[in-house]
Amino acid sequence: MDFDFSEDQEQLRDAVRKWVDKGYDFERRRAIVKAGGFDRGAYGELAELGLPGLYVSEADGGLGMGPVEGMVVMEELGRGIVLEPFGQTLITSGVIGAYGGADVKTSWLPKIAAGEALVVLAHQERGARYRLDACKTAATQAGGGWQLSGTKNVVPAGDQADTFVVPAMANGQLALFMVERGASGVTSRGYGTQDGSRAADITLAQTPATLITTNGQAALEHAVDIGIACVCAEAVGVMDKTVAVTAEYLNTRKQFGVPIASFQALRHRMADMKMQLELARSMSYYASLKLNASADERRRALARAKVQLGQSMRFVGQQAVQLHGGIGVTDEYIVSHYFKKLTQLEMTYGDTLHHLGEVSDRMEDTAGVFA
Amino acid sequence: MDFDFSEDQEQLRDAVRKWVDKGYDFERRRAIVKAGGFDRGAYGELAELGLPGLYVSEADGGLGMGPVEGMVVMEELGRGIVLEPFGQTLITSGVIGAYGGADVKTSWLPKIAAGEALVVLAHQERGARYRLDACKTAATQAGGGWQLSGTKNVVPAGDQADTFVVPAMANGQLALFMVERGASGVTSRGYGTQDGSRAADITLAQTPATLITTNGQAALEHAVDIGIACVCAEAVGVMDKTVAVTAEYLNTRKQFGVPIASFQALRHRMADMKMQLELARSMSYYASLKLNASADERRRALARAKVQLGQSMRFVGQQAVQLHGGIGVTDEYIVSHYFKKLTQLEMTYGDTLHHLGEVSDRMEDTAGVFA
Amino acid sequence: MDLAFTPEEQAFREEIRTWVRDNLPADISHKVHNALRLSRDDMQRWAKILGKKGWLGYGWPRQFGGPGWNAVQKHLFEEECALAGAPRIVPFGPVMVAPVIMAFGNPEQQQRFLPGIASGEVWWSQGYSEPGSGSDLASLKTRAERQGDHYIVNGQKTWTTLGQYGEWIFCLVRTSTEGKPQTGISFLLIDMKSPGVTVRPIKLLDGEYEVNEVWFDNVKVPAENLIGEENKGWTYAKHLLAHERTNIADVNRAKRELERLKRIAKAEGVWDDLRFRDQIALLEVDIVALEMLVLRVLSAEKSGKNSLDIAGLLKIKGSEIQQRYTELMMLAAGPFSVPFIEEAMEAGWQGNFPGGVVANAPLASTYFNMRKTTIYGGSNEVQRNIVAQTVLG
Amino acid sequence: MDLAFTPEEQAFREEIRTWVRDNLPADISHKVHNALRLSRDDMQRWAKILGKKGWLGYGWPRQFGGPGWNAVQKHLFEEECALAGAPRIVPFGPVMVAPVIMAFGNPEQQQRFLPGIASGEVWWSQGYSEPGSGSDLASLKTRAERQGDHYIVNGQKTWTTLGQYGEWIFCLVRTSTEGKPQTGISFLLIDMKSPGVTVRPIKLLDGEYEVNEVWFDNVKVPAENLIGEENKGWTYAKHLLAHERTNIADVNRAKRELERLKRIAKAEGVWDDLRFRDQIALLEVDIVALEMLVLRVLSAEKSGKNSLDIAGLLKIKGSEIQQRYTELMMLAAGPFSVPFIEEAMEAGWQGNFPGGVVANAPLASTYFNMRKTTIYGGSNEVQRNIVAQTVLG
């Protein structure tokens, strides 16, 4: 039982933080939002740090690191509300590494690790909401391979990514495939999202696809759990910065001749924000540290984590805006962008009520970190 | 649309308030609690004011008044956290008046109005929780009359009341009966309750009973709705006094050389208590003013009211104790008794979650006071 | 005590309902019912229709050309307009500055300004807040110096709602720095076309331009535009605040939006999800409770018997409810509220919104925008201070 | 970073678990698991069993006869005791005054007082709060005047937990009225059998006697009972507060009580009610989050690498969780938590509780009693002040 970060992890954190502070300031971010919400150059800079290979084995050209390192990176990217969907790389490299055959791994993992291929998860469909077992996209066998038809919505950077990991129904059960954006029958329509980043709807029409695994339900649940851990860690970074920015504002802004940080009602609100931040950070640790547990244990833990993070994100985001007053709802001032990011993260991979249901369904007689 | 009280109503309020202030102070109440939680003498004093006849027609010796007058009285009794279950009289006289045959009415209503018969609702059974359609007590026809067998729990003043209104299954459907406590086969076991008042378990064994109505489900729902309106009004009185007592304490108690009412965090808590009080008062009006509406409309309104009151009671009660600090959890100081009363009222005739379910089940496309 | 409206009140409601049904343009109500963007023209078109009928100044007494309605009638008018999907009346002219002009302006000012307000021809803005003066409004610094028959105004106002359309602005300006801050403030009407007035719209978090910064650089304002006496402006402003009535709770709009929330919940498949539905049920209870609170205030105003000093409660609860229904609408759509496609918030857009339900397009933006409601009009923290004062002294 | 305990830590836990299983009297754990009344004898019996093993002072260093455990070991000991249904150790002797005697007492005091504390023979109480000094503890007024080789103590303490059983009491007393209030306070050990000491139990809202008023009327206290220097008592008390550790969160007890809540929910038929169950699920998440927070603090203490200044958070969240599980237990039983039958809260009662489930008897009383947790030990309002200070300065 040890929550200290290793020296390597601290170095990793420093490297990412330095890049965010120096390489990804608010002005650059604003320009990227204006240009559509995704910058391949910025993703390339992350690749120069070796980050896309975080989950990729050294044999496949990666760093062979694990969830804690992923958490460290996501926290720092959250602190800078970085738009490029690095978490997608962790999800897809993780799921390919865990479920893919040797062919798929050797074709894709080195390219992912090198930053040459941005691979994202394309699973969201109309009507499924947050359920992972409702899928209309169909996979059929044609010749020696597979063809997919269907539509996936709100795919992160969907019109910019190179390749998709796509769940589809194959012979009555869920399977996971890789689909290249340049393949025949793929159309994508991109748009900005509420947090300033980019997404797209992807339509597949008899599009050739490579099978990752026929154990699609387990793999997709695992993929989404990696996604949840990423969301948790990213959110901790976002909230940490949000709390700091708000504290600074309260100490600067004066009304009635005194800094508004002197008003007890606002001080207590800050204390409550700090509470939510630290509970969230604790549960983000928990999420990442349970990511390699058995599927049952992992699912229960990740659902619990998302419930805590959902509550924390909503409270911290809303209160940060409130404590800023008028300036908190402007586009010019940074805090509203953190708020919007938190809002979108709450709805990513299942919102608070959804995961409360998961926790409720999975309750046992005893509960606890070690129960 | 008019929420002013008439002069008669104001006089009624003054009369009850005067009795509570002068005739039912904290010391007398404490003595009654110690003696078991019920004082027939105190009930008799209410009868001298004519109150038990409030819902009884003038022809039957009552005052022929309605829900608003009932609300006024219950508020004032709540202000003094009066132990004697006057609401039971409104419930039973109301349901007998609305559903009973001429025989039942003329036998019982004059006695109720005169304060000679205290009649209470005995409907709670183990296993039913707050549901009104789950009843194990059985009614069988024997000779020219009915006999009841079964057990009712937590009957208000059950070992002191003269007569019970009892729901029982008769020929496969719920019917409502009157049972005298002195009748054969009745055993009662009395005990104190959390708020200091009195209740009892009542067991009936082939006990002779008088039929009020075979339309028992409708009558019981109506009875409980009257009960909810009483609880709402009583709770408003309790909370009104609780808020006042707490405000006084904050202005008196000094720490760090100043009244603690000067701390903004406590001031805002007071503002939130005031909010809950006024929302509760508004919904208590709503409850009483909807008591004579159609069954559907009445049910929807009373469930909404109980949800609001439940939330308000819990917040006001808990925060009043908190703002008092240590003295708030002592038996000696008055506020804990108000808190316990509010706690018990929340669980009377269905708690907040129960009625939230009722509201949820009954939602329509539009909603509002006049929708 | 009676919950029902009188037959006269019901007949009045019927009359309003019929008239609104016959006169509210369908394209405008369509936008309101779907939270689509309203243009300046939309707002002014409806204002002029009301103005022609004599109802834009629906709270005005007869002597100034208003209908002379009582509190209940005003509420019924507001409710019928809200439920029918009418845009909210832009309040700065008819609701805010007009009562001040009526109460404290001279006959010349009344004749000069009230007709344009009543007809909806002239767009008014409010110049109160300044960058350094939010909750502490009395610390405002915009200076007006008397020079002969005019004032020279210098300073900056901010959070001026819809000020980009403004033709006139009523301002609190500092005419004296002596004594308490409140005592040196005057109430001045300024033509926004005057040289030296600059308006800069502020982009808000949802991408919209709704509030503005307004600069005054040696702006020359005729002394005849001063309302009442110099240095008494604070008193007039407080009078105005006292006239912000129950409509602050916006319960009628909440009822309309609750209906919309239920439509969205059904379309998104969460109406049958007990967890989500319970959230709606809780909101429904909140809205009914708020409506009862509003009705109690109206009744007290009508009878004059009891005064209910609970405006702060109406503001707090009303704004929290506004935030909650927009939050639930967004959460109902979940991932399908995530796309930010500005064109899809315009009426008549023919594109295909992700998931195919264009009604989801404005949900997140509206949620973001509504964060303002607990901040403006006296933040809810300030309101709690006020409520606490009534309880604790 | 690693969530798992080390093999050594796991072996340690096993050792504790086995010992507790073999040594905790079943009649006592039965009472704890069912929230039945614990007598003075129950508490002291368990204390003496621990004392004999050398574990009553489980936080003590070896030099004073303690086991010398690190933060994680102490936590594991607390957890195993809590889950097994051991009574909480009455903290005033072994956890509160002992560390002060170790740090600031002289060798004679250490030899005189520590053995009786370690063995559980002597019952200690705490004399801090006074009727006028709650959150503002430094304003305390109980006077101790030096007269030759002793002090004469006059004044009143209150909220003295279990003081009715107390044999010794450690007090903060005023020995000087000069300078800031904090600078004139001394730390004095007083034999409660001294003439002039009067103890009056205070009846609490649940009918129990748990706290007391303690009067000092010209009580003669030998000067050798002064800890450290005169007028430095505030420093020692702060040291003591700094030693109140993660156990303040009481997360281990919360885990045990969550289990009990689930049993009650099943017995009362609300386990399958999705609405009620969701409340339990939310609490379960709260408890896991609190446990993670506690573990983070322990890890930081163990490694000494990072210090986590979040004791205030542990107190706030821990106390809120305690209140919440008692509230849910009561609400689960609903009407069957309403009877107040005191005898039914004693072990071995043979009566028939209404509805037949005697486990419901203490639920409301426990809920009422737990309202204290957000008040005592520094109210949650004071804790929020402290937390805000760490964030805002």
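Trainee: How many residue pairs are in polar contact between chain A and chain C, counting pairs with both residues at pLDDT 80 or more?

Mentor: This is a predicted model. The count between chain A and chain C is 24 residue pairs in polar contact, both residues being at pLDDT 80 or more. On the side of chain A that touches chain C, the elements giving two or more residues include strand E3 (145–156), strand E6 (186–192), helix H8 (264–289) and helix H9 (295–324). Helix H10(A) gives the most to that side, with six residues.

Trainee: Which classes of residue make up the side of chain A that touches chain C?

Mentor: That side has 11 nonpolar, 17 polar and 14 charged residues.

Trainee: How many salt bridges are there between chain A and chain C?

Mentor: The count between these two chains is four salt bridges. One of them pairs A:Arg126 with C:Glu268, and their closest N and O atoms are 2.8 Å apart.

Trainee: How is the size of an interface expressed, and what area do chain A and chain C bury between them?

Mentor: Interface size is often given as the accessible area that is lost when the parts come together. Here, chain A and chain C bury about 3800 Å² between them, with 57% of it on carbon and sulfur atoms. Within chain A, the residues that lose the most area to chain C are A:Arg126, A:Arg129 and A:Gln194, together accounting for 19% of what that side buries. In terms of contacts, 42 residues of chain A meet 47 residues of chain C.

Trainee: Which domain does UniProt place at residues 125–201 of chain A?

Mentor: An unreviewed UniProt entry places "domain: Acyl-CoA oxidase/dehydrogenase middle" there. In the model, residues 125–201 of chain A are 0% helix and 57% strand, and the end C-alpha atoms are 10 Å apart. The unreviewed record also gives "domain: Acyl-CoA dehydrogenase/oxidase C-terminal" at residues 221–351 of chain A. That span is 76% helix and 3% strand, and its end C-alpha atoms lie 15 Å apart.

Trainee: How many salt bridges does a search of the whole structure find over all chains?

Mentor: The search finds 128 salt bridges over all chains. An example is the pair C:Arg200 and C:Glu213, whose side chains meet at 2.6 Å, N to O. C:Arg200 lies in strand E6 (residues 197–203) of chain C and C:Glu213 in strand E7 (residues 209–222) of chain C, so the pair ties together parts that are 13 residues apart in sequence.

Trainee: Is C:Glu213 buried or exposed?

Mentor: C:Glu213 is buried, at a relative accessible area of 14%, whereas C:Arg200 counts as partly exposed at 32%.

Trainee: Where do the partners D:Glu9 and D:Lys302 lie in chain D?

Mentor: D:Glu9 and D:Lys302 form a salt bridge with their closest N and O atoms 2.9 Å apart. The pair links distant parts of the chain, 293 residues apart: D:Glu9 is in helix H1 (residues 7–23) of chain D, and D:Lys302 is in helix H9 (residues 274–303) of chain D. D:Glu9 is buried at 8% relative accessible area, while D:Lys302 is partly exposed at 33%.

Trainee: What distance separates N and O in the salt bridge of D:Lys232 and D:Glu229?

Mentor: The distance is 3.4 Å. D:Lys232 counts as partly exposed, at 38% relative accessibility, and D:Glu229 also counts as partly exposed, at 47%. Salt bridges can also share partners: one network includes A:Glu10, A:Arg13, A:Lys274 and D:Arg296.

Conventions: Residues are numbered from 1 along each chain as its sequence is written. Chains are lettered from A and ligands numbered from 1 in the order in which they are written. This is a predicted model: local features need pLDDT of at least 70, side-chain atom pairs count only at pLDDT 80 or more; totals for chains, interfaces and linings use all residues. Side-chain values use heavy atoms; hydrogens and water are left out. Contact means heavy atoms within 4.5 Å. Buried area is the accessible area (1.4 Å probe) that two parts lose on being put together, summed over both. A polar contact is a pair of N or O atoms within 3.5 Å; within protein, one must be able to donate a hydrogen and the other to accept it, and residues adjacent in sequence count only if both atoms are side-chain atoms. Helices (H or I, at least four residues) and strands (E, at least two) are DSSP runs, numbered from the N terminus. Ala, Val, Leu, Ile, Met, Phe, Trp, Tyr, Cys and Pro count as nonpolar, Asp, Glu, Lys and Arg as charged, and the others, Gly among them, as polar. UniProt positions are given in the numbering used here, feature names are shortened, and annotations may be inferred rather than shown by experiment. Buried means under 20% relative accessible area, exposed over 50%, partly exposed in between (1.4 Å probe, protein chains only).
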